[in-house]
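Please report on the local features of this structure, with the cut-offs behind each term.

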Amino acid sequence: MSTTLPLFWDLSSADTRERVDASVKLVGALEKLQASFAPKDRSLESEEQDSGPDDHESDMLNLLNAADVSYSVRRLVRGLASPRESSRLGFAVALTELLSRICTVTCSQILAFVLDASHTTGSMSGQEERDMLFARLFGLTSIIQSGLLVRTQPLPSSASAAPEASSLAGYIDVLTHLVALGEKKLWLRESAWWSIGLAVGQLHASAVQWKDKAVDMTIQRVFIDENAWSPEKVALAVNMRWYWPKRDWNKLYAPTIKHGDVLHGSNTTALAKILKEVEFDDDNDESSSKKGARVWKPQVHYVWDTLLSDLLPTEGSGKEPRGSFQEFWRIVVDESLFAPSASNSRKYWGFEIVQKVLPRVREAELPMLFTKNFMRTWMNHLSQADRYLHKFAKQISASIQEVVQKNPEIGFAFVLQLTGAHGNQQFDKLTKTKTVESILTKLDAEGIKGYINHLLVEADGRETEAADVTNARRVWIVEQFVSLIRNGAIPKDDEWVQLVLDWFVVQGLFVIKKKSQKSIFRPLQSIPSPPFPDGVRRQCWERLLSCLAELTQQSAAIRLDDGKTYKIPGIATDGQLWISRVTRTIEQLEKDSKHVKLVLELGKDNVSLLQKARNTLSGLRQMAGEDEARRGAELLLCASVLLCYAPHDGQGSGDASNLEACIDGSSRLFKPSNKSPKKKSKNTDTQDVKQEGDPDPIDVLVDIIIGFLDKSTAFTRTVGNQGFSFLSGCIKASTVDLILAQLERKSSAELLADSDEDIGEDEQIEEGDGSELDEEDSDNDEEESEHDENEGDKEEVEVEDDAELGRKPTRAFGARAHDSDAAESDMEEMDDEQMMAIDEQLAAIFKEQTKGKRSGEFQREATHFKNRILDLLDIFMKKQPANPLVLQLILPILDLIFGSTPDEKQLAEKATGLLRSRIAKAKDVPFTGVDRAATTDLLNDLHMRARKARGINAIAALAACSLYVSRVLLRVGDEEAILAAYRTSLADFAERKASELNAKFFEELIKRHSTVAWKMRGELLAAASKVVNAYRQAQIYGLLRTLINGPSVGSMDAGEVLAFITSVHLHLHTVILGACTESSLSAGQLKDALTLALSAARQAKRLASVAWKPVSWADIQTRFGQTERFKASKSLHQLLCELVSISQGSSGNERDGKTVGPRKEGKGTIKAANEPGKGSKKRRKVDAEAEGGITSPQKKAKMGKQDPAHP
């Protein structure tokens, strides 16, 4: 027994894993003990017949079981009443498992122990009584779950008539006690009847001889003796009818339940009342109903699982659906738990039931689930965070998404219900969620196509529906199509994307005259009723451009002729551009004049121009080679063709001129090879010859791209950027000049002049149709606001004072303007000439006001336009990093950064970011075709600007550009140009007090191009002697320290290094020795000098050189101790001690008589084992001060006085 006693303690642990482990160990140990136990002789039973029944059961337990087993059974039963932590759970699990493993106990034995251990008395407190009741419930449940209640295996015995483990009497006793337990405490009824259900299930699955009698007794006790119906009784009735269908359930259920079936349609009303947790008596006694009412709890009753398993059986259950789920859900759930008058508690139950139904429901039952009351309740609680059931409503949304994730085929049905009759088309917007959007992302291609087909049917309209309602739904459908295209998480398929684009083309540009069932275009297979109004057609056109802009940015993986897979933006899986597909669709529809016609009739000139464009496109598609550039020309040409069809925009002539220029540039850039030269006409020869003064074809195409960016719509901007990306390999110097010309700053007067020219052209257009132009301008504003929100945060430019402008109309009317009565009388007395004079004055004043406002607007528009031009430069530098034309971009970008005004702050930041990402971090630089002379002039110009620039950011930008240009010159082998430029700047930095350069400018060269910087070692050391002040000298010492510790020193000639170190030794010795007698250097500056000396000494030691003389430094150490200014500085003395030690070669490599080898740092430097900064905190502080110079603010301020140029 000592082996099992320690295991009982962990059965009460609050940790589930510990309880389960203890149960497994305990049951396993008891099984081994029982297997080795030999039962006693049962002949002794005759001597104990006079004992009581309880004693008899106890003796039988001891007779057939090992001592540990019998003790454990009794202790486990008694432990069910323990209130300590999780004792009841742990002991119940162990008892159930033990009873299922041993076959030497009977049901009556364990039942007697359970009843004896859970006996209640009147003297018990409430808590003690509850513990006893729970102990009885858990004990009876353990008997049932262990299978002991219906076990047919007899007890092991030598007698011929061994008793069976279970009996009818034991079954009846268990049933009776469970029913009594439920009647005694209402809050135990559900658990007690759940155990009864387990017992009935065990009985049905068993083969006991007394099964029929037990069934009769169960029916008698549950259905005949008990008249009231409760949820527990409903659950038991459903299961028993399934177990024994041949019983007369019609009679047993009557009169409350009719037709002998709980799920019959006629019983739904009664079932709704029962399932609302209210007792329903056969005699409809209201007093009985109130008496049986129970307290609400958040967990829904287990009867719902029983009912749903019959109404919506899961796959593999072997059950057929019973009853009508539609009627059941409508009456029992929707009109009961989700009724408008239902409490939040009932609605909470309803949401729980919905969660149980969602994994079971099939596509056919979904319309029955999303009923009116449920959808209203769900949407209300989902849309407002302060609603009581808001979190639960969000869980319903998450459950729907999980169901769709597991079964994408059902997702389309969910979308139909959420946006259908009981839902709302704007479901996500009303509920402030992304439920519908998330469901769509989980659909497969077939599901998306099904959803699109449904929307197309809805867009055609209904005969009995008002036109306003139909058009409102069409507007919503248009937005749904756009969201499908824009959402990157939705799987794209060429078929459904093309279907959406075709629908936009047909409804936006054409009028359907006659339907064609055989047409390849789905929209032509039906005629919409009512017809699409102009507003919806315009929306279709706008959204077509939006979709094309989105598709142009999205990349698709295709396999080219070389067998490799590439990701190319703007194309379908067949390699065609999406915009090219749309233009082909328009061309095919134009030929089908029998069924459709264009909304906007084109003139003859435009028709011939479009035909010429199509011929050019056909030639481009048939050409071989230069795929990317040819694709860019095709993209621009197709976009220009598409814009010619823009309805009601009033800019047809402008688009036509762009189209003509695009045709000219594309045809000259890609001249198709003629197969029959003999047939070439003279006109063709004349056209092919480039006339003198004509712009380069790539310049023509880029000029069109710039025009697209100027329009600032999402479509033109995307096409422009992507087209430029494709054509970046054809860019020439003249093209770069054309782009950079757009970045030149214009005054407000120039902007107004340009705008007045545009307004004059617009006024001529407005004479034809002014209203259409206004619509296009508003559309452009909408597109700009949607896709360029990040560019709208600009500072306003200063304009003339509004108050002063406001006073001018008053002065025009004179003093009478303040007197309304006098003004009215004077107005009546004025003649025509006086009125005309006032009109002229007012017109001039209002024009001045408008001019002031327009000036600021044009300046902001110009800033936005320059931002887009910077995008082109970014694309070029990203796509063509090795192109020598990149060098031509550096100075204009710097001019843009340094010359920007406060209202162009964002433009300057974007240009700075462009330099940082494409220049400072460039992995590749130009090599072939680099002009050495021009590149050298560029480097000199950068250094000249750096010497005059103000601000750390400006110096950093110029330093990055200088390093980039230096990399280019190094690659082409012009190292001398780099040295000359940096030597000149170094001399300026050291000798000119007003120089704006800093040490960081040179430090980057030393770190990144140490080989080149090593050749400047003499100039650096010489500059330390010619510096204008001690502050600059300390900075140069830092540069020398970086140079000496650089990785390239290890690969240099030892003689050169030693010669330089000797020079450094002499210079530092002179400077530091002079500081003992003069006050030229402060303590901080001396630390810089000593730190440089330490680095040089280590390098000299590495080379085993005697270039570093210890005697001279020991003398300096002695003098420092005698100098009043420095004798109290412990850090300086510490540095000198280390320097002397390294010079002598003792403390650096010897410690306590043992040699300590040096450790490497980097590639070419060796750091001593006792290097300062690696020891105590004081030493780290000394080293930090030495490395960084002056650290404290007071000392920094003091040193700043010595160098006014660098405060």
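## Local features of the predicted model

Lys 432 sits in the loop between α21 (427-431) and α22 (435-442); helices (H or I, at least four residues) and strands (E, at least two) are DSSP runs, numbered from the N terminus. This is a predicted model, in which local features need pLDDT of at least 70 and side-chain atom pairs count only at pLDDT 80 or more, while totals for chains, interfaces and linings use all residues. Residues are numbered from 1 along each chain as its sequence is written, and side-chain values use heavy atoms, with hydrogens and water left out.

**Backbone**

The phi angle of Lys 432 is near 60°, a positive value in a residue other than glycine. Lys 432 is exposed, with a relative accessible area of 64%; exposed means over 50% relative accessible area, buried under 20%, and partly exposed in between (1.4 Å probe, protein chains only). His 259, in the loop between α11 and α12, is another residue other than glycine with a positive phi, near 65°.

The loop between α11 (249-253) and α12 (268-275) also holds Pro 255. A cis peptide bond joins Pro 255 to Ala 254, with omega about 0°. A cis peptide bond also joins Ser 529 and Pro 530, with omega about -5°. Pro 530 is placed in the loop between β1 (510-512) and α26 (534-553).

**Strands β2 and β3**

In a regular strand the side chains alternate between the two faces of the sheet. Strand β2 runs antiparallel to strand β3 (residues 565-569), and five bridges join the two; strands pair if DSSP finds at least two bridges between them. Opposite Ala 557 stands Lys 567 in β3.

**Aromatic pairs**

The structure holds 32 aromatic pairs. Rings of Phe, Tyr and Trp (its six-membered ring) pair if their centres lie within 6.5 Å; planes under 30 degrees apart count as stacked, over 60 as edge-to-face and the rest as tilted. The pair of Phe 8 and Phe 91 is tilted, because the planes stand at 35°, with the ring centres 6.4 Å apart. Phe 8 lies in the segment before α1 (16-35) and Phe 91 in helix α4 (residues 87-101), so this pair ties together parts that are 83 residues apart in sequence. Both Phe 8 and Phe 91 are buried.

Phe 370 and Phe 414 form an edge-to-face pair, with 5.8 Å centre to centre and 85° between the planes. Phe 370 lies in the loop between α17 (366-369) and α18 (372-383), and Phe 414 in helix α20 (residues 411-418), so the pair ties together parts that are 44 residues apart in sequence. Phe 370 is buried, with a relative accessible area of 2%, and Phe 414 is buried at 0%. Ring pairs link Phe 370 and Phe 414 into a cluster with other residues, among them Phe 338, Tyr 348 and Trp 378.

**Contacts across the sequence**

The table gives C-alpha to C-alpha distances.

| Residues | Apart in sequence | Apart in space |
|---|---|---|
| Glu 587 and Leu 610 | 23 residues | 9.7 Å |
| Gly 973 and Arg 932 | 41 residues | 9.4 Å |

Glu 587 belongs to helix α27 (residues 578-591) and is partly exposed, at 25% relative accessibility. Gly 973 lies in the loop between α42 (952-971) and α43 (975-991) and is exposed, at 55%. Glu 85 is in the loop between α3 (67-79) and α4; Glu 85 is exposed, with a relative accessible area of 60%.

**Cysteines**

A search of the whole structure finds zero disulfides; a disulfide is here a pair of cysteine sulfur atoms within 2.5 Å. Cys 107 counts as buried at 1% relative accessibility, and Cys 540 is buried at 0%.
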